[in-house]
Amino acid sequence: MDQALFGGEKTGELVPTIEDMLAFVPNDLPPKLDLNCLIQEFGEASAALGGLKEISSTITNPYMVIRPLQRNEALRSSAMEGTFSTADNLAIVEAYDSPTATEADREVLNYIRAIDFAEEQIRELPISHRVIRGMHAVLLRNAGKTRGSNKRPGEYKIHQNWIGALKIKNARFIPPPPKEASDCLDKLESFINRGETTYPALIEAGLTHYQFETIHPFGDGNGRVGRMLITLQLMTSGLLDKPILYVSPFIEIHKDEYIDSMFEVSTSGNWERWLRFFLRAVTESCKQTSATIVRLNDLQSDFRARIQNNTKSVSALTISDHLFERPVISISEAAKVSVTSYQSAKKNIEQLVRLGILREIIGFENPKLFWAKDVIDVSDGVQR
Ligand SMILES: Nc1ncnc2c1ncn2[C@@H]1O[C@H](COP(=O)(O)OP(=O)(O)OP(=O)(O)O)[C@@H](O)[C@H]1O
Ligand SMILES: [Mg+2]
(Lines give C-alpha, C1' and ligand atoms only; values in the text may rest on other atoms or scores of the structure.)
(Ligands and ions follow the chains in the order given, each with its own letter.)
Protein backbone atom coordinates (compact mmCIF):
# COMPACT_ATOMS: atom_id res chain seq x y z
CA MET A 1 0.00 0.00 0.00
CA ASP A 2 1.52 3.29 -1.06
CA GLN A 3 1.70 5.24 2.17
CA ALA A 4 2.54 8.46 0.36
CA LEU A 5 -1.00 8.51 -1.07
CA PHE A 6 -2.50 8.87 2.41
CA GLY A 7 -2.40 12.61 3.11
CA GLY A 8 -3.73 14.92 5.80
CA GLU A 9 -7.29 14.46 4.55
CA LYS A 10 -7.27 10.68 4.94
CA THR A 11 -10.32 9.29 6.72
CA GLY A 12 -8.60 6.94 9.16
CA GLU A 13 -5.39 5.91 10.87
CA LEU A 14 -2.46 3.90 9.60
CA VAL A 15 -1.47 1.22 12.12
CA PRO A 16 1.39 -1.29 12.07
CA THR A 17 0.65 -4.80 10.87
CA ILE A 18 2.48 -7.90 9.60
CA GLU A 19 5.65 -7.69 7.51
CA ASP A 20 6.33 -4.14 8.70
CA MET A 21 3.43 -2.86 6.67
CA LEU A 22 0.79 -0.32 7.68
CA ALA A 23 -2.95 -1.10 7.63
CA PHE A 24 -5.73 1.44 7.31
CA VAL A 25 -8.30 1.72 10.11
CA PRO A 26 -11.25 3.87 9.04
CA ASN A 27 -12.74 6.56 11.29
CA ASP A 28 -16.21 5.92 12.66
CA LEU A 29 -19.23 6.89 10.61
CA PRO A 30 -20.74 9.36 9.99
CA PRO A 31 -18.20 11.78 8.52
CA LYS A 32 -18.97 15.51 8.30
CA LEU A 33 -20.35 16.06 4.82
CA ASP A 34 -21.67 18.92 2.78
CA LEU A 35 -24.13 17.28 0.40
CA ASN A 36 -25.00 20.39 -1.60
CA CYS A 37 -22.77 19.33 -4.47
CA LEU A 38 -24.75 16.08 -4.79
CA ILE A 39 -28.26 17.51 -4.79
CA GLN A 40 -28.87 16.68 -8.44
CA GLU A 41 -27.56 13.09 -8.22
CA PHE A 42 -29.42 12.54 -4.99
CA GLY A 43 -32.66 13.83 -6.51
CA GLU A 44 -32.28 11.57 -9.53
CA ALA A 45 -31.55 8.50 -7.45
CA SER A 46 -34.46 9.17 -5.10
CA ALA A 47 -36.84 9.67 -8.01
CA ALA A 48 -35.60 6.49 -9.71
CA LEU A 49 -36.07 4.52 -6.49
CA GLY A 50 -39.57 5.95 -6.10
CA GLY A 51 -40.38 4.93 -9.70
CA LEU A 52 -39.12 1.43 -9.12
CA LYS A 53 -41.10 1.07 -5.92
CA GLU A 54 -44.20 2.11 -7.83
CA ILE A 55 -43.66 -0.36 -10.69
CA SER A 56 -42.97 -3.13 -8.21
CA SER A 57 -46.23 -2.47 -6.36
CA THR A 58 -48.14 -3.50 -9.50
CA ILE A 59 -46.57 -6.95 -9.77
CA THR A 60 -48.87 -9.74 -8.70
CA ASN A 61 -46.20 -12.33 -8.00
CA PRO A 62 -43.06 -10.44 -6.94
CA TYR A 63 -40.86 -13.54 -7.25
CA MET A 64 -41.53 -13.53 -10.95
CA VAL A 65 -39.20 -10.53 -11.16
CA ILE A 66 -37.16 -10.97 -7.99
CA ARG A 67 -35.64 -14.29 -9.10
CA PRO A 68 -34.51 -13.14 -12.55
CA LEU A 69 -33.00 -9.98 -11.03
CA GLN A 70 -31.26 -11.99 -8.33
CA ARG A 71 -29.82 -14.42 -10.85
CA ASN A 72 -28.28 -11.55 -12.75
CA GLU A 73 -26.98 -9.92 -9.56
CA ALA A 74 -25.42 -13.19 -8.43
CA LEU A 75 -23.71 -13.70 -11.78
CA ARG A 76 -22.37 -10.16 -12.10
CA SER A 77 -21.30 -9.74 -8.48
CA SER A 78 -19.52 -13.08 -8.49
CA ALA A 79 -17.88 -12.45 -11.87
CA MET A 80 -16.36 -9.27 -10.49
CA GLU A 81 -14.48 -11.43 -8.01
CA GLY A 82 -13.41 -14.08 -10.50
CA THR A 83 -16.17 -16.62 -9.81
CA PHE A 84 -17.71 -17.32 -13.17
CA SER A 85 -20.90 -19.09 -14.13
CA THR A 86 -23.36 -18.35 -16.94
CA ALA A 87 -27.05 -17.51 -16.89
CA ASP A 88 -27.75 -20.89 -18.51
CA ASN A 89 -25.68 -22.92 -16.03
CA LEU A 90 -27.09 -21.05 -13.07
CA ALA A 91 -30.67 -21.70 -14.18
CA ILE A 92 -29.83 -25.40 -14.54
CA VAL A 93 -28.15 -25.84 -11.12
CA GLU A 94 -30.99 -23.92 -9.52
CA ALA A 95 -33.46 -26.49 -10.83
CA TYR A 96 -31.36 -29.60 -10.54
CA ASP A 97 -28.11 -30.35 -8.74
CA SER A 98 -26.48 -31.46 -11.92
CA PRO A 99 -23.32 -33.56 -11.67
CA THR A 100 -21.81 -31.32 -14.33
CA ALA A 101 -22.19 -28.22 -12.12
CA THR A 102 -18.89 -26.63 -11.18
CA GLU A 103 -17.94 -25.22 -7.80
CA ALA A 104 -18.31 -21.77 -9.27
CA ASP A 105 -21.87 -22.57 -10.44
CA ARG A 106 -22.72 -23.65 -6.89
CA GLU A 107 -21.13 -20.60 -5.33
CA VAL A 108 -23.15 -18.31 -7.60
CA LEU A 109 -26.30 -20.21 -6.63
CA ASN A 110 -25.32 -19.75 -2.98
CA TYR A 111 -25.30 -16.00 -3.60
CA ILE A 112 -29.04 -16.15 -4.29
CA ARG A 113 -29.60 -18.30 -1.23
CA ALA A 114 -27.61 -15.86 0.90
CA ILE A 115 -29.79 -12.93 -0.22
CA ASP A 116 -32.89 -15.02 0.51
CA PHE A 117 -31.59 -15.95 3.93
CA ALA A 118 -30.78 -12.34 4.80
CA GLU A 119 -34.04 -11.00 3.47
CA GLU A 120 -35.93 -13.36 5.71
CA GLN A 121 -33.75 -12.50 8.70
CA ILE A 122 -34.18 -8.74 8.40
CA ARG A 123 -37.94 -9.07 8.66
CA GLU A 124 -37.32 -9.81 12.36
CA LEU A 125 -33.76 -8.73 13.09
CA PRO A 126 -31.66 -5.62 12.50
CA ILE A 127 -28.72 -5.83 10.10
CA SER A 128 -26.41 -7.32 12.72
CA HIS A 129 -23.34 -9.49 13.07
CA ARG A 130 -25.67 -12.47 13.18
CA VAL A 131 -27.22 -11.63 9.83
CA ILE A 132 -23.92 -10.67 8.19
CA ARG A 133 -22.13 -13.81 9.32
CA GLY A 134 -25.16 -15.90 8.41
CA MET A 135 -25.13 -14.51 4.87
CA HIS A 136 -21.43 -15.26 4.60
CA ALA A 137 -22.00 -18.81 5.84
CA VAL A 138 -24.64 -19.41 3.18
CA LEU A 139 -22.58 -17.78 0.44
CA LEU A 140 -19.54 -19.94 1.10
CA ARG A 141 -21.36 -23.08 2.25
CA ASN A 142 -19.75 -26.20 0.85
CA ALA A 143 -17.08 -24.11 -0.81
CA GLY A 144 -14.83 -26.86 -2.06
CA LYS A 145 -11.25 -27.43 -1.00
CA THR A 146 -9.63 -25.79 -3.98
CA ARG A 147 -11.68 -22.65 -3.77
CA GLY A 148 -12.63 -22.75 -0.14
CA SER A 149 -9.74 -23.83 2.00
CA ASN A 150 -9.29 -20.37 3.56
CA LYS A 151 -12.89 -19.24 3.28
CA ARG A 152 -14.12 -19.97 6.82
CA PRO A 153 -17.84 -19.66 6.08
CA GLY A 154 -19.60 -17.50 8.67
CA GLU A 155 -16.39 -16.51 10.50
CA TYR A 156 -14.60 -13.19 10.52
CA LYS A 157 -10.96 -12.99 9.52
CA ILE A 158 -8.28 -14.11 11.93
CA HIS A 159 -5.36 -13.04 9.74
CA GLN A 160 -4.47 -9.74 8.15
CA ASN A 161 -5.87 -9.55 4.62
CA TRP A 162 -5.18 -7.20 1.75
CA ILE A 163 -6.56 -6.19 -1.64
CA GLY A 164 -5.13 -6.14 -5.12
CA ALA A 165 -1.99 -8.31 -5.07
CA LEU A 166 -0.72 -11.74 -4.17
CA LYS A 167 1.84 -10.39 -1.69
CA ILE A 168 1.03 -7.88 1.03
CA LYS A 169 3.99 -5.71 0.09
CA ASN A 170 2.42 -5.10 -3.33
CA ALA A 171 -1.12 -4.58 -1.99
CA ARG A 172 -3.12 -1.67 -3.26
CA PHE A 173 -5.01 -1.45 0.01
CA ILE A 174 -4.51 -3.03 3.44
CA PRO A 175 -7.68 -3.04 5.57
CA PRO A 176 -7.58 -3.13 9.39
CA PRO A 177 -5.98 -6.07 11.22
CA PRO A 178 -8.51 -8.57 12.73
CA LYS A 179 -8.83 -6.93 16.17
CA GLU A 180 -9.28 -3.40 14.80
CA ALA A 181 -11.64 -4.75 12.12
CA SER A 182 -13.79 -6.32 14.79
CA ASP A 183 -14.03 -3.00 16.70
CA CYS A 184 -14.85 -1.13 13.49
CA LEU A 185 -17.55 -3.61 12.63
CA ASP A 186 -19.17 -3.28 16.06
CA LYS A 187 -19.34 0.46 15.47
CA LEU A 188 -20.67 0.00 11.97
CA GLU A 189 -23.43 -2.24 13.33
CA SER A 190 -24.34 0.47 15.88
CA PHE A 191 -24.28 3.11 13.14
CA ILE A 192 -26.66 1.15 10.89
CA ASN A 193 -29.09 0.46 13.73
CA ARG A 194 -28.84 3.66 15.75
CA GLY A 195 -32.49 4.51 15.09
CA GLU A 196 -31.84 7.97 13.71
CA THR A 197 -30.11 9.30 10.60
CA THR A 198 -27.62 12.08 10.07
CA TYR A 199 -28.05 12.00 6.29
CA PRO A 200 -30.79 10.62 4.04
CA ALA A 201 -31.00 6.82 4.21
CA LEU A 202 -29.74 6.44 0.66
CA ILE A 203 -26.56 8.37 1.48
CA GLU A 204 -26.10 6.31 4.62
CA ALA A 205 -26.29 3.12 2.55
CA GLY A 206 -23.42 4.52 0.47
CA LEU A 207 -21.42 5.34 3.60
CA THR A 208 -22.06 1.84 4.94
CA HIS A 209 -20.89 0.13 1.76
CA TYR A 210 -17.62 2.06 1.77
CA GLN A 211 -17.11 1.31 5.47
CA PHE A 212 -17.87 -2.40 5.12
CA GLU A 213 -15.50 -2.83 2.18
CA THR A 214 -12.80 -0.82 3.91
CA ILE A 215 -13.08 -2.96 7.04
CA HIS A 216 -12.98 -6.11 4.84
CA PRO A 217 -14.05 -8.27 7.81
CA PHE A 218 -13.86 -11.69 6.15
CA GLY A 219 -11.05 -13.67 4.60
CA ASP A 220 -13.08 -13.91 1.39
CA GLY A 221 -16.50 -12.81 0.16
CA ASN A 222 -16.25 -9.18 1.33
CA GLY A 223 -17.16 -7.70 -2.05
CA ARG A 224 -20.18 -9.94 -2.48
CA VAL A 225 -21.56 -9.68 1.06
CA GLY A 226 -21.07 -5.90 0.98
CA ARG A 227 -23.01 -5.55 -2.25
CA MET A 228 -25.86 -7.70 -0.89
CA LEU A 229 -25.99 -5.39 2.13
CA ILE A 230 -26.80 -2.41 -0.10
CA THR A 231 -30.14 -3.94 -1.10
CA LEU A 232 -30.87 -5.04 2.47
CA GLN A 233 -30.17 -1.60 3.88
CA LEU A 234 -32.45 0.02 1.30
CA MET A 235 -35.13 -2.38 2.52
CA THR A 236 -34.67 -1.84 6.25
CA SER A 237 -34.73 1.91 5.69
CA GLY A 238 -38.00 1.67 3.76
CA LEU A 239 -36.64 2.83 0.40
CA LEU A 240 -37.50 -0.54 -1.12
CA ASP A 241 -40.28 -2.85 -0.05
CA LYS A 242 -39.10 -5.84 -2.05
CA PRO A 243 -35.60 -7.10 -2.79
CA ILE A 244 -35.59 -5.91 -6.38
CA LEU A 245 -32.73 -3.44 -6.68
CA TYR A 246 -29.27 -4.84 -7.32
CA VAL A 247 -26.30 -2.69 -8.27
CA SER A 248 -23.64 -5.24 -9.26
CA PRO A 249 -24.49 -5.29 -12.98
CA PHE A 250 -23.75 -1.53 -13.07
CA ILE A 251 -20.76 -1.73 -10.76
CA GLU A 252 -19.16 -4.52 -12.77
CA ILE A 253 -19.16 -2.35 -15.88
CA HIS A 254 -17.65 0.55 -13.91
CA LYS A 255 -15.41 -1.49 -11.67
CA ASP A 256 -12.40 0.82 -11.84
CA GLU A 257 -14.38 3.86 -10.76
CA TYR A 258 -16.00 1.78 -8.01
CA ILE A 259 -12.69 0.72 -6.55
CA ASP A 260 -10.77 3.96 -7.17
CA SER A 261 -13.47 6.11 -5.63
CA MET A 262 -13.61 4.01 -2.45
CA PHE A 263 -9.82 4.10 -2.26
CA GLU A 264 -9.87 7.88 -2.59
CA VAL A 265 -12.21 8.23 0.38
CA SER A 266 -9.56 6.52 2.49
CA THR A 267 -6.54 8.35 1.10
CA SER A 268 -7.98 11.86 0.64
CA GLY A 269 -11.43 12.09 2.22
CA ASN A 270 -13.05 12.40 -1.20
CA TRP A 271 -16.55 11.35 -0.19
CA GLU A 272 -18.08 13.36 -2.99
CA ARG A 273 -16.61 11.19 -5.74
CA TRP A 274 -17.65 7.94 -4.05
CA LEU A 275 -21.17 9.09 -3.22
CA ARG A 276 -21.66 10.50 -6.72
CA PHE A 277 -20.71 7.10 -8.11
CA PHE A 278 -22.94 5.30 -5.64
CA LEU A 279 -25.96 7.49 -6.42
CA ARG A 280 -25.38 7.00 -10.13
CA ALA A 281 -25.20 3.25 -9.59
CA VAL A 282 -28.57 3.40 -7.83
CA THR A 283 -30.16 5.59 -10.52
CA GLU A 284 -28.94 3.52 -13.44
CA SER A 285 -29.71 0.22 -11.73
CA CYS A 286 -33.27 1.39 -11.00
CA LYS A 287 -33.75 2.29 -14.67
CA GLN A 288 -32.32 -1.01 -15.86
CA THR A 289 -34.45 -2.91 -13.37
CA SER A 290 -37.62 -1.08 -14.35
CA ALA A 291 -36.93 -1.93 -18.00
CA THR A 292 -36.31 -5.58 -17.12
CA ILE A 293 -39.57 -5.74 -15.17
CA VAL A 294 -41.46 -4.36 -18.17
CA ARG A 295 -39.81 -6.93 -20.46
CA LEU A 296 -40.63 -9.77 -18.06
CA ASN A 297 -44.25 -8.62 -17.84
CA ASP A 298 -44.48 -8.44 -21.63
CA LEU A 299 -43.00 -11.90 -21.95
CA GLN A 300 -45.44 -13.29 -19.40
CA SER A 301 -48.37 -11.79 -21.35
CA ASP A 302 -46.96 -13.20 -24.57
CA PHE A 303 -46.66 -16.72 -23.07
CA ARG A 304 -50.16 -16.47 -21.62
CA ALA A 305 -51.64 -15.37 -24.94
CA ARG A 306 -49.94 -18.24 -26.78
CA ILE A 307 -51.34 -20.72 -24.26
CA GLN A 308 -54.86 -19.27 -24.15
CA ASN A 309 -55.09 -19.26 -27.95
CA ASN A 310 -54.21 -22.92 -28.12
CA THR A 311 -55.41 -24.74 -25.06
CA LYS A 312 -57.79 -24.36 -22.18
CA SER A 313 -55.26 -25.82 -19.78
CA VAL A 314 -55.02 -23.88 -16.53
CA SER A 315 -52.11 -26.12 -15.54
CA ALA A 316 -50.14 -25.02 -18.60
CA LEU A 317 -50.65 -21.41 -17.50
CA THR A 318 -49.53 -22.22 -13.97
CA ILE A 319 -46.39 -23.91 -15.26
CA SER A 320 -45.72 -21.04 -17.65
CA ASP A 321 -45.95 -18.46 -14.84
CA HIS A 322 -43.65 -20.58 -12.69
CA LEU A 323 -40.99 -20.45 -15.42
CA PHE A 324 -40.27 -16.84 -14.47
CA GLU A 325 -39.14 -17.94 -11.04
CA ARG A 326 -37.49 -21.11 -12.30
CA PRO A 327 -36.83 -21.13 -16.04
CA VAL A 328 -35.54 -24.72 -16.01
CA ILE A 329 -38.08 -27.42 -15.24
CA SER A 330 -38.46 -31.20 -15.22
CA ILE A 331 -41.74 -33.06 -15.73
CA SER A 332 -42.01 -34.04 -12.07
CA GLU A 333 -41.36 -30.44 -11.00
CA ALA A 334 -44.10 -29.33 -13.43
CA ALA A 335 -46.46 -31.91 -11.90
CA LYS A 336 -45.69 -30.56 -8.42
CA VAL A 337 -46.14 -26.92 -9.40
CA SER A 338 -49.43 -27.48 -11.20
CA VAL A 339 -50.65 -30.13 -8.74
CA THR A 340 -51.37 -32.66 -11.50
CA SER A 341 -50.26 -36.18 -12.36
CA TYR A 342 -46.95 -36.90 -14.04
CA GLN A 343 -48.82 -37.85 -17.22
CA SER A 344 -50.73 -34.56 -17.47
CA ALA A 345 -47.62 -32.56 -16.61
CA LYS A 346 -45.86 -34.38 -19.45
CA LYS A 347 -48.65 -33.36 -21.85
CA ASN A 348 -48.48 -29.77 -20.65
CA ILE A 349 -44.73 -29.63 -21.11
CA GLU A 350 -45.11 -31.04 -24.65
CA GLN A 351 -47.70 -28.36 -25.33
CA LEU A 352 -45.35 -25.62 -24.05
CA VAL A 353 -42.62 -27.02 -26.28
CA ARG A 354 -44.98 -26.91 -29.29
CA LEU A 355 -45.81 -23.30 -28.45
CA GLY A 356 -42.12 -22.36 -28.42
CA ILE A 357 -42.17 -21.46 -24.72
CA LEU A 358 -40.03 -24.38 -23.58
CA ARG A 359 -37.21 -26.27 -25.23
CA GLU A 360 -35.64 -29.53 -24.15
CA ILE A 361 -32.09 -29.08 -22.88
CA ILE A 362 -29.80 -31.41 -24.76
CA GLY A 363 -27.69 -33.68 -22.59
CA PHE A 364 -30.10 -34.29 -19.71
CA GLU A 365 -31.88 -37.62 -19.71
CA ASN A 366 -32.67 -38.54 -16.15
CA PRO A 367 -34.55 -36.37 -15.55
CA LYS A 368 -35.19 -34.65 -18.85
CA LEU A 369 -34.92 -30.88 -18.40
CA PHE A 370 -36.66 -28.11 -20.33
CA TRP A 371 -35.94 -24.40 -20.31
CA ALA A 372 -37.64 -21.13 -21.12
CA LYS A 373 -34.60 -19.61 -22.77
CA ASP A 374 -36.41 -16.30 -23.33
CA VAL A 375 -36.83 -15.82 -19.58
CA ILE A 376 -33.15 -16.54 -18.97
CA ASP A 377 -32.15 -14.14 -21.72
CA VAL A 378 -34.31 -11.28 -20.43
CA SER A 379 -32.82 -11.51 -16.95
CA ASP A 380 -29.36 -11.82 -18.46
CA GLY A 381 -29.94 -8.54 -20.31
CA VAL A 382 -30.01 -10.18 -23.75
CA GLN A 383 -32.49 -8.31 -25.96
CA ARG A 384 -35.00 -10.51 -27.69
N1 LIG B 1 -9.44 0.49 -1.86
C2 LIG B 1 -10.53 -0.15 -1.48
N3 LIG B 1 -11.19 0.26 -0.39
C4 LIG B 1 -12.29 -0.38 0.03
N5 LIG B 1 -12.82 -1.43 -0.62
C6 LIG B 1 -12.21 -1.87 -1.71
C7 LIG B 1 -11.06 -1.26 -2.21
N8 LIG B 1 -10.68 -1.91 -3.32
C9 LIG B 1 -11.59 -2.88 -3.52
N10 LIG B 1 -12.52 -2.87 -2.55
C11 LIG B 1 -13.66 -3.80 -2.37
O12 LIG B 1 -13.10 -5.08 -2.20
C13 LIG B 1 -13.59 -5.99 -3.20
C14 LIG B 1 -12.44 -6.84 -3.71
O15 LIG B 1 -11.62 -7.23 -2.68
P16 LIG B 1 -11.25 -8.77 -2.48
O17 LIG B 1 -10.81 -9.34 -3.76
O18 LIG B 1 -10.38 -8.90 -1.26
O19 LIG B 1 -12.71 -9.27 -2.12
P20 LIG B 1 -13.07 -10.65 -1.44
O21 LIG B 1 -13.02 -10.59 0.02
O22 LIG B 1 -12.32 -11.71 -2.17
O23 LIG B 1 -14.61 -10.66 -1.76
P24 LIG B 1 -15.28 -11.53 -2.86
O25 LIG B 1 -14.81 -12.93 -2.74
O26 LIG B 1 -16.73 -11.32 -2.72
O27 LIG B 1 -14.67 -10.88 -3.94
C28 LIG B 1 -14.16 -5.10 -4.29
O29 LIG B 1 -15.21 -5.73 -4.95
C30 LIG B 1 -14.60 -3.89 -3.54
O31 LIG B 1 -15.90 -4.07 -3.03
MG1 LIG C 1 -12.81 -13.42 -3.30
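**Entry 1: two domains**

I looked up the domain centres of this predicted model. The centres of domain 1 and domain 2, taken over C-alpha atoms, are 35 Å apart. The assignment I used places domain 1 at 3–291 and domain 2 at 311–379.

Next I looked at where the two meet. On the domain 1 side, 15 residues are in contact with 15 residues of domain 2. Helices α2 (63–80) and α3 (87–95) each supply at least two residues of that side of domain 1. The most comes from α2, with seven residues.

**Entry 2: overall dimensions**

I checked the whole chain. The secondary structure comes to 16 helices and five strands. The C-alpha trace spans about 70 × 45 × 35 Å along its principal axes.

Of the 384 residues, 43% count as buried. For contacts with a separation of 6 or more, 66% are between residues 24 or more positions apart.

**Entry 3: the nonpolar core**

I went to the largest nonpolar core, which has 100 residues. The residues with the most contacts inside this core are A91, M135, M228, W274, V282 and W371. Which helix gives the core its largest share? Helix α12 (residues 271–308) does, with 14 residues. Both domains take part: the core draws at least three residues from each of domain 1 and domain 2. As a background note, nonpolar side chains tend to be buried together in soluble globular proteins.

Leaving out residues up to four places away in sequence, V282 touches A45, A48, L49, L202 and V247.

**Entry 4: L245**

I looked up a loop residue next. L245 sits in the loop between α9 (222–236) and α10 (248–253). Is L245 buried or exposed? L245 is buried, because 24 other C-beta atoms lie within 10 Å and the cut-off for burial is 20 or more.

I listed the contacts of L245, again without residues up to four places away. They are L52, T231, L234, L240, S285, C286 and T289. L52 is 193 residues from L245 in sequence, yet the two C-alpha atoms are 8.4 Å apart.

**Entry 5**

I turned to the strands. Strand β1 (residues 12–16) runs antiparallel to β2, and five bridges join them. I noted two of the bridge pairs: V15 with A23, and G12 with P26. Strand β2 (residues 22–26) is largely enclosed by the rest of the structure, because four of its five residues are buried.

The hairpin has five residues between the strands, and E19 takes a positive phi near 55 degrees there. D20 also has a positive phi, of about 60 degrees, although it is not a glycine. D20 lies in the loop between β1 and β2. D20 is exposed, with 8 other C-beta atoms within 10 Å.

**Entry 5: the three-stranded sheet**

I traced the open sheet. Its three strands come in the order β3-β5-β4, with antiparallel pairing. The edges are β3 (328–329) and β4 (359–360), each pairing on one side only. Two bridges join β3 to β5 (residues 370–371). In that pairing, V328 has W371 as its bridge partner. W371 is also among the residues with the most contacts inside the largest core.

As background, most residues other than glycine have a negative phi, and most peptide bonds are trans.

One cis bond joins L29 and P30, with omega about -5 degrees. P30 lies in the loop between β2 and α1 (39–57). A cis bond also joins N366 and P367, with omega about 5 degrees. P367 is in the loop between β4 and β5.

V339 has a positive phi of about 50 degrees and is not a glycine. I found V339 in the loop between α14 (331–338) and α15 (342–354). V339 counts as exposed, with 10 C-beta neighbours inside 10 Å.

Methods
Residues numbered from 1 in each chain as written. Chains lettered and ligands numbered in written order. Predicted model: local features only at pLDDT ≥ 70, side-chain atom pairs only at ≥ 80, totals over all residues. Core = buried A, V, L, I, M, F, W, Y, C linked by C-beta atoms within 7 Å. Buried ≥ 20, exposed ≤ 12 C-beta atoms within 10 Å, placed from the backbone. Domains from an automatic or database assignment. Contact = placed C-beta atoms within 7 Å. Pairing = 2+ DSSP bridges.
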